[in-house]
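Welcome, and please take a moment with the sequence and the 3D view.

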Amino acid sequence: MSTLFRRRSLAAYVYGHVLNSHKVHTSTAPLLQETGLYGFNHLKTPKGFQRFVEDAIERSNELVTFISGMPSAPEIIGAMDEISDTVCSVIDSAELCRATHPDREFVEEASEASLRINEYIHHLNTNHCLYMAVVKAEQDSHLLNEEAQRVAHHLRLDLEKAGIHLPSEQLDRANQLNMEIVQLCREFNENIINDPGHMDIFPASHIPKKLHHLARPIYRTTSGAFGGSAWSMTNMKEKGFRLPTDPNTLSSILQWVSDAEIRKTAYIQGNSAPLGNLGVLDKLIAARHEFAQSLQKFDIVSNALFWMHMQIMGHSSYADLAVHSSMASSPDIVLSFLLEMSEIVRPRADEEFKTIWNFKREKSGQLYGDLEPWDETYFTAIMKSAVYDLDSSVVASFFPLSQCLEGLKVLAESLFGVTFHHIPLAPGESWHPDVIKVALHHPDEGDLGYLYLDLKSRKNKHPVCAHFAIKGGRRLSETDYQLPIVALVCNFLGSKPASLLNHWEVETLFHEFGHALHSLLSRTDYQHFSGTRVVIDFAETPSNLFQYYAWDFRILKTFARHYSTGDVIPEDLVKSIRGAKDMFSGTELQRQIFYALIDQKLFGEEASSIRDTASIVAELKRQHTSWKHVDGTHWHTRFGHLASYGAGYYSYLYAKCFAATIWQKICEEDPLSLAAGSAIRHKFLQHGGAKDPGDILNDLAGKGILNSRYGGIVPDITSLSHEMELKN
């Protein structure tokens, strides 16, 4: 769903936001007066969300009245951006609260506020006066600067995507479908959290001790002999374990349990929950398909203020609607890219499959047994450990959470010349004692933005790692700029002592920090384009680029130190970590292509005829992976990106290719240089969505980062192929 006042979530980069009116923050002598969540005075209590919504609607209505008077083009665009900023402030705070707040009353009020403001957004998106004003502003483009022209153009397209042109009855239906889609996406994601599945294992000795902290002891009554007589029986209690089969726990079971039958049970159970999402997904596919086909794509071909002189044609699918304004521009181009990638990676993935299979045969002594899906994690972990002499606990000992945060500081200062300043939290501003707040400070430019860090796992916290853009940057006047505020949320369990992170968690932290930097370093005139407010297939590029920094010894040696001895991480250990990562990288890339193909297929042209999503997924797995499908499983019902990224999951693969090229051309030679940082900041991050993404990429990396294809853009895969030693 794409609308005027709402941007896509990144798995969870959420929306934009404003604090108290047009206040610009500084970190000098902060006032620690009592406030509400995130600095909103309204949010001192859960019920404050109600007033927050009411005030946002009241202010937005005032701006709608102003715009309806048809002021000048710059005034129209400025007022539209303030409306967006106002309503997004409610959505942003509500979504962050829903994901992180420990108080159930706050979460419930935030959920209600989110639904109410979404209803109002649909009202705004179908306001004809707003549409005519935007069209007028776009036609008066000579009065606007380049960014404002781009805002006007995108505002018009977003209103058209919301169905502004439809007759009244069809428009009402489109609004109804929009709200259904919002509710279904929420239900889909809540089911994933609330119904992870579980398995009961007896006896308890079948579960390795390192998994006991994930399990709950259970008991069952058994019959046993006593007194030396087979005829004398007594009831005995046998201890077992109940293990949830959420993705993280399932991964641990599949890696550490040697019993193949237990792994099989865990795999099937984990990939068969939540059962309720089969029906939810069917409804979501149908609603999105109907919504897309009810709309029209058109371009203004005359000077008329409304739709009477438009070229009209229908959307063929939800994927067509979602991708139309992206770099790819059409599902056909996305599909051609994915099929090309699938073909290139297949030989590498097949070879890796054979290697794992041969290892299993050798290890088990079963020369004719099949390689099953529940074998992959177990045997690849053993192989990596054997080849590279890796022990995950040894690796983690060099990554205390506190030191990893030092690593983020090193990156920011080395690349951009900025430092982190700790900001005391005002009473009522925080939602949990674990939360800290920092300012990103430049010695010449002052504070650039503010970052909340909420990194540790806890009960009732949404199990997601995400960047939440609480507040987008925008220019308020010639001298005042509304600074961005973001939250970086993770769910690190942190093994004791010292909250040690696994290396994949370090990579996740750097990934999310890439999103945060995109928001904090962007300097757009309008919050409509602030930071991560970009087309969907450009949004993941900064985060994928910063993942590289988690794998480079030159960076790791600056912060990765043993939690007890203080020793710097050995270079040989880093080489082993990287070698283990590369060992089955073809299989992992193939998996990501498979996920993207599922996403495109379910929301593509054939969506109206889909009756069994499980069979579609099974067929795609057989066609595009080296692994068999297990009948009866439906892994995709816990694939949250189908809700949040519908028809957009291919963006991760676009980003992977773009990031590989940027790394090799800009960063690899000297990854911590100010020269590399200056290029990344000034040619890339500072533009947010205010500049065409293709132009940004070409300006940053030059020739060889993207290619034109049938009117759209696809990444150049040369750099990624070189990195992974693929033949293309």
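Predicted model: local features only at pLDDT ≥ 70, side-chain atom pairs only at ≥ 80, totals over all residues.

Residues are numbered from 1 along each chain as its sequence is written, and side-chain values use heavy atoms, with hydrogens and water left out. Helices (H or I, at least four residues) and strands (E, at least two) are DSSP runs, numbered from the N terminus.

**Nonpolar cores**

- A nonpolar core is a set of buried Ala, Val, Leu, Ile, Met, Phe, Trp, Tyr and Cys residues joined through side-chain atoms within 4.5 Å.
- Buried stands for under 20% relative accessible area, exposed for over 50%, and partly exposed for what falls in between (1.4 Å probe, protein chains only).
- The largest nonpolar core holds 134 residues, and Phe-399, Tyr-549 and Ile-569 have the most contacts inside it.
- Helix H22 (residues 651-667) gives the most to this core, contributing ten residues.
- There is also a second, separate core of 62 residues, with Ile-67, Val-134, Ala-148 and Tyr-481 among its members.
- Once neighbours within four places in sequence are left aside, the contacts (heavy atoms within 4.5 Å) of Phe-399 include Cys-404, Leu-500, His-503, Val-506, Phe-559 and Ile-569.

- Two packed helices are described by the angle between their axes and the distance between the axes.
- Axes here are lines fitted to C-alpha atoms, for helices over the stretch in contact, and angles run from 0 to 180 degrees between N-to-C directions.
- Helix H14 (residues 401-416) packs with helix H15 (residues 503-521) at an angle of about 40°, and their axes are 11 Å apart.
- H14 and H15 are therefore oblique to each other; angles under 35 degrees count as roughly parallel, over 145 as roughly antiparallel, 65 to 115 as roughly perpendicular, and the rest as oblique.
- The crossing of H14 over H15 is right-handed, a term used if the near helix is turned clockwise from the far one by less than a right angle, with anticlockwise giving left-handed.
- On the H14 side the contact is made by Cys-404, Gly-407, Leu-408, Leu-411, Ala-412 and Phe-416, and on the H15 side by Val-506, Leu-509, Phe-510, Phe-513, Leu-517 and Leu-521.

**Helices H3 and H6**

- Helix H3 (residues 104-124) and helix H6 (residues 168-194) pack at about 155°, with 10 Å between their axes.
- That angle makes H3 roughly antiparallel to H6.
- H3, too, makes a right-handed crossing as it passes H6.
- Where H3 meets H6, Ser-111, Ser-114, Leu-115, Asn-118, Glu-119 and His-122 face Asn-175, Asn-178, Met-179, Val-182, Gln-183 and Arg-186.

**Two residues to look up**

- Gly-514 sits in helix H15 and is buried, with a relative accessible area of 0%.
- Not counting residues up to four places away in sequence, Gly-514 touches Pro-542, Ser-543 and Phe-546.
- Gly-514 and His-467 are 47 residues apart along the chain, and their C-alpha atoms are separated by 9.1 Å.
- Thr-86 belongs to helix H2 and counts as buried at 12% relative accessibility.
- With neighbours within four places in sequence left aside, Thr-86 is in contact with Ala-56, Arg-59 and Ser-60.

**A bend in a helix**

- Helix H11 (residues 331-364) bends by about 45° at Arg-346, and Pro-347 follows within four residues; the bend is the angle between axes fitted to the seven residues ending there and the seven starting there.
- After H11 comes Gly-365, with a positive phi near 75°.

**Loops and backbone details**

- Phe-202 and Pro-203 are joined by a cis peptide bond, with omega about -10°, and Pro-203 is in the loop between strand E1 (198-201) and strand E2 (216-226).
- Another cis peptide bond joins Ala-273 and Pro-274, with omega about 0°; Pro-274 lies in the loop between helix H8 (260-270) and helix H9 (277-294).
- Met-70, a residue other than glycine, has a positive phi near 55° and counts as partly exposed at 31% relative accessibility.
- Asp-389 also has a positive phi, near 50°, and counts as exposed at 69% relative accessibility.
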